Amino acid sequence: VRDANEEVQAKEQEVIVKPLYPVMVNVIRVIGEREQYTMIIDPMASQVIFYDKKQDITKKVTDEFNKTYKK
């Protein structure tokens, strides 16, 4: 079961996440430049011990991504 789950996760990364990643990075870059952020960090990619949740732009990025990305 574990091997099957790992295989499904690997395939999901390859088919879904990998093609969307460059689009998402571009959306985040546009928001960062437009709103003059100093830095935008992916809390899943690095160890973030604390961040002000009022500064979380996840919803903004998701909304902009949905406007930008068309299947």
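**View 1. The accessible surface and overall extent of the predicted chain.** In this predicted model, the accessible surface of the chain comes to about 6600 Å², and 55% of that surface belongs to carbon and sulfur atoms. Buried residues make up 10% of the 71 residues in the chain. Along its principal axes the C-alpha trace spans about 45 × 35 × 15 Å, and the radius of gyration of the chain is 15 Å, whereas a compact globule of 71 residues would have one near 11 Å.

**View 2. The two helices of the chain.** The secondary structure consists of two helices and zero strands.

**View 3. The largest nonpolar core.** Five residues make up this core, namely V27, I31, I57, V61 and F65. One of them, I57, touches I31, Y37 and I40, when residues up to four places away in sequence are not counted.

**View 4. A nonpolar patch on the surface.** Here M39, I41, V48 and Y51 together form a nonpolar patch on the surface, with about 370 Å² of accessible area between them. Is M39 buried or exposed? M39 counts as exposed because its relative accessible area is 59%, and the cut-off for an exposed residue is over 50%.

Conventions
Residues numbered from 1 in each chain as written. Predicted model: local features only at pLDDT ≥ 70, side-chain atom pairs only at ≥ 80, totals over all residues. Heavy atoms only, no water. Core = buried A, V, L, I, M, F, W, Y, C linked by side-chain atoms within 4.5 Å. Buried < 20%, exposed > 50% of the residue type's maximum accessible area, 1.4 Å probe, protein only. Contact = heavy atoms within 4.5 Å. Patch = residues over 30% accessible without salt bridge, like charges linked within 9 Å, V, L, I, M, F, W, Y side chains within 5 Å. Areas by Shrake-Rupley, 256 points an atom, 1.4 Å probe, with all protein chains shown as cover. Salt bridge = Lys/Arg side-chain N within 4 Å of Asp/Glu carboxyl O. Helix = DSSP H or I, 4+ residues; strand = E, 2+ residues; numbered from the N terminus. Rg over C-alpha atoms; globule rule 2.2 N^0.38 Å.
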